[in-house]
2 protein chains.
Amino acid sequence: MKLFSLLLERIIDRVNVNLRGLGFDVRAYVRVMAEYRYGGCSFACYGLSTYHPIHLQFDNSSLSGSYFLGRCKVRHSVLMRSDIRGDELKKKGQVWEIGDIRIPLYHDEIITIRNSFLDSTLVHSNSHSPESPEEFHIRNTVAMPYANIHGAPIEGSFVGTFGTVDLTTIHNCVIGHFAYIQAGEVRHEAFAPGTIFMRSPGSWEFRYQYDTAVLDHYIRHEEGEAPEGVFIDFAEPYEDAFAGLFASARQGVYPAGTGSFVSRYAVKRGDTTIGDNVLVAQRSYLENAILSRGSNAQEKCYIIDSVLGPCCVAAHGAKIVATTLEEKVFVGFNSFLRGTPEAPLTVGTRCAIMPHTIIDLTEPVHIPENRLVWGIIRTAADLETQTIDLDELAAGSGDVRMGRMEFRGDTGDFVRSFRERIERILLENGAYWTGHDEASKGHAQNMKYLTFNIIQPYADGEAEGLYPTIDIRPIG
Amino acid sequence: MKLFSLLLERIIDRVNVNLRGLGFDVRAYVRVMAEYRYGGCSFACYGLSTYHPIHLQFDNSSLSGSYFLGRCKVRHSVLMRSDIRGDELKKKGQVWEIGDIRIPLYHDEIITIRNSFLDSTLVHSNSHSPESPEEFHIRNTVAMPYANIHGAPIEGSFVGTFGTVDLTTIHNCVIGHFAYIQAGEVRHEAFAPGTIFMRSPGSWEFRYQYDTAVLDHYIRHEEGEAPEGVFIDFAEPYEDAFAGLFASARQGVYPAGTGSFVSRYAVKRGDTTIGDNVLVAQRSYLENAILSRGSNAQEKCYIIDSVLGPCCVAAHGAKIVATTLEEKVFVGFNSFLRGTPEAPLTVGTRCAIMPHTIIDLTEPVHIPENRLVWGIIRTAADLETQTIDLDELAAGSGDVRMGRMEFRGDTGDFVRSFRERIERILLENGAYWTGHDEASKGHAQNMKYLTFNIIQPYADGEAEGLYPTIDIRPIG
């Protein structure tokens, strides 16, 4: 048997032994995806910069399609379409505060990935786990296509297609397809497909559960099958545009405003205009898009026939079609915003689209400014039950229940922390760079001096599809 | 001071301390070349294949423009336009014979390069030094533009522009520009520019010395200056075609016959046709070229408006313009064969053009078959004094002196060993592949499954121009 197949078996066993309590078997998911999605893209890439401590170690793994930056160790794993951006890892000497406790870091944080099969997995940001502030680990874990692992240490778990785990420490869980979990820490839980679960322990909890019929229309994924639905029909035709993206190490020079970074590993098509202080991350897809000052297109987002006003954020995996975002609009992970020329979507200033929201229009819709938006919206009438004014929400007291959404706890804290997170994202991405102040620089400005390095697997023999053992460290 | 500049100082001191006996100072050569040639090309490449043991280690070095294959360790060195092909390194367990002594190898041979500044340096083949059969070392050495280090362990030495050291162990020597040395072993010697020196210790010796006026016309290189002359005027305009060649890792698919390998890192222009079992190595330049069955274009050769008949060899750095090579013609290292449409050159079957031969025509010339060719040839009349029938030479007894050429010793052994070497090159390069027999496969066939990996240096900061520490080993 070839080494690649042996590696898959090893991973399957390691994950299954952790999920036996939940009665979940990853075998058929992994085997189908390995067969269905493997090949096509054989290039991986790592970035080298003086702004990010580097230590990359790859061992007995397949990395095709991956992008690495920073410190990362991958052993006995298959990474298929990953974006691993280590530019927000904690640094040696930095003091990490959890409540009253101040923990100085012994060394630069490192991402470690072991015995895992990660298809479209992003591992951006840093570990928020008090157990290991210096190590962001992903162990014995399987993630399906278009899944996002974001700042979430995870072990012995399964993340379904278009699933997202965000800023959460996860042990032995099954995250169903299109479920979004941001919950501090979870253990031995199975989250149904289409669950949106956000929690600030001790303060508030947000839950939304998609209706099964709606979910099945957009995304379904049965054991032993390939995933299907509107999301797959939307995304798959673009896969060709991404295949081979990492073949060249040449720095791109796409026209853009001052202080902007447009990744050469993003797809830019049609009439696309990029203003100042804009971050266009690798693997984002832009077609006839206008990105105004300070806006950002994060990894694996699609912006097509759309306008992003100043300081708008298209988070990882967001799809934005025939849509105008006014100013400082936040579009969360994997949200699907689809207008048409006849039924365009406009989203008002300071709106926050919750992660995994579906807006798929049959008539023109204008979302008023300052709204929180969730669920499934097809017409203007749907805004009544699935949006709420953020100030009104913050000012309210007690729990809120609207349709399939349920909010418990401190609404003021929820709105404040959401707004703070959006501000932090804009700041870190360099949206507010003044043009001269070093302190206001962010990713958009610091990416400039990145150099790219391309790696490929063995092309034949026992080791076909695997990479040699690679170790890359700073000079000296 | 930047780390790159500190590294140059370190190298200069290490080389100078070894060359103090010869009163030679490399400082001005290194400084001028580092300034003159650095930049432009920032990509290096390494090949990954199941046919070649791999172990690459790079430390405190600049590698831009390099190509690596096999096992190689580079420390504290600057490699600018190197081609390091480790596909003929000796393997563990292999028995190496020197006369009656049989030495089994403890481990796979490795190339080690330390404290060296190598501009256009090839380090192909393996060590023929009895001192270190498992290590092909290059230490404390400076090589200038278009110099070739070929199967030649070397330490404490300087190789001038367009100089070649071939299958020779070299200690503390100065090799002048356009000198060619193939001599078993040399120590503490200075070879004047334009010296052609071949020797089989105990059997024969070939010497040719270029006239200074001729040499200065073609190539001159004064301390503290950039090199000048016809060779530089010829080669420099093509440098742009090579810059950035390593930017992409995509495997090329240039149309070619069965069993042929055309490197994607070779330049192919105009109407170029490539037959079966042909090897076109990286950094070769083809323009309106016909390469017939079994012929090969080695690294840094130029074949322009020319035809190579079956099983012809254009060795490293050979330049072939407006020329027809009939069959099994060998063109040695750095030879310059330049016809014109009005004064074309034809070289007959089984001719052997000595390394560093200059044929620069003012009238049409046809070299009869089976000739050994050397020196400087401009007209048909020059053939009288600078070619000899190989069978006639082999059958002769005693020494031969023709013009500036002097041969001493066993002519039969010289001709036999030259012919054997040509056959071995053809065999190793796969010229004789039958299409089914594994044993007859050579480089042209085995290169097929090579995958390419692109590396770049830091783009800014203290480490600008240097690479991080890199270690690449087989799986496991």
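This is a predicted model: local features need pLDDT of at least 70, side-chain atom pairs count only at pLDDT 80 or more; totals for chains, interfaces and linings use all residues.
In chain A, the centres of domain 1 and domain 2, taken over C-alpha atoms, are 24 Å apart. Domain 1 of chain A covers 3-240 + 450-472, and domain 2 covers 255-399 + 412-445; these bounds come from an automatic or database domain assignment. Residues are numbered from 1 along each chain as its sequence is written, and chains are lettered from A and ligands numbered from 1 in the order in which they are written.

Let's begin where the two domains of chain A meet. Here 26 residues of domain 1 are in contact with 25 residues of domain 2, where contact means that the C-beta atoms of two residues, placed from the backbone, lie within 7 Å. On the domain 1 side, at least two residues each come from β13 (148-150), β16 (164-166), β22 (195-200), β23 (204-209), α3 (212-218) and α4 (230-235) of chain A. These labels follow DSSP runs numbered from the N terminus, with helices (H or I) of at least four residues and strands (E) of at least two. By type, the domain 1 side divides into 16 nonpolar, six polar and four charged residues. In this count, Ala, Val, Leu, Ile, Met, Phe, Trp, Tyr, Cys and Pro are nonpolar, Asp, Glu, Lys and Arg are charged, and the others, Gly among them, are polar.

Next, follow some strands of chain A. Strand β4 (residues 71-75) and strand β9 (residues 110-114) run parallel and are joined by four bridges; two strands count as paired if DSSP finds at least two bridges between them. Across this pairing, A:K73 stands opposite A:T112 in β9(A). Strand β9(A) also pairs in the parallel sense with strand β11 (residues 135-139) of chain A, over five bridges. There, A:R114 has A:R139 of β11(A) opposite.

Now step back to see both chains. Chain B superposes on chain A by a rotation of 180 degrees with 0.0 Å of shift along the axis, at an RMSD of 0.0 Å. That is the relation of a two-fold axis. The superposition is by least squares on the C-alpha atoms of residues with pLDDT of at least 70 in both copies. Within chain B, B:S248 comes closest to the rotation axis, its C-alpha lying at 2.0 Å. Both copies use the same surface, since 100% of the contact residues of chain B recur in chain A.

How many residues does each chain bring to this contact? Chain B gives 33 residues and chain A gives 34 residues. On the chain B side, the elements that give two or more residues are β45 (451-455) and β46 (469-473). That side divides into 19 nonpolar, ten polar and four charged residues. A pairing also crosses between the chains: strand β46 (residues 469-473) of chain A runs antiparallel to β46(B), with five bridges joining them. In that pairing, A:T469 stands opposite B:R473.

Let's turn to the interior. In soluble globular proteins, nonpolar side chains tend to be buried together. The largest nonpolar core here has 293 residues, of which A:A314 and B:A314 touch the most other members. Such a core is a set of buried Ala, Val, Leu, Ile, Met, Phe, Trp, Tyr and Cys residues joined through C-beta atoms within 7 Å. Leaving aside neighbours within four places in sequence, B:A314 is in contact with residues including B:A297, B:C301, B:I303 and B:V331.

With 26 C-beta neighbours inside 10 Å, B:L286 is buried, the scale being buried for 20 or more other C-beta atoms within 10 Å, exposed for 12 or fewer, and partly exposed in between, with C-beta atoms placed from the backbone. Not counting residues up to four places away in sequence, B:L286 touches B:A297 and B:I303, among others.

Most residues other than glycine have a negative phi. Yet A:N334 has a positive phi, near 55 degrees, and sits in the loop between β34 (330-331) and β35 (336-338) of chain A. A:N334 is buried, with 26 C-beta neighbours inside 10 Å. In chain B, phi of B:K300 is also positive, near 60 degrees. B:K300 lies in the loop between β29 (296-297) and β30 (302-308) and is buried, with 27 other C-beta atoms within 10 Å.
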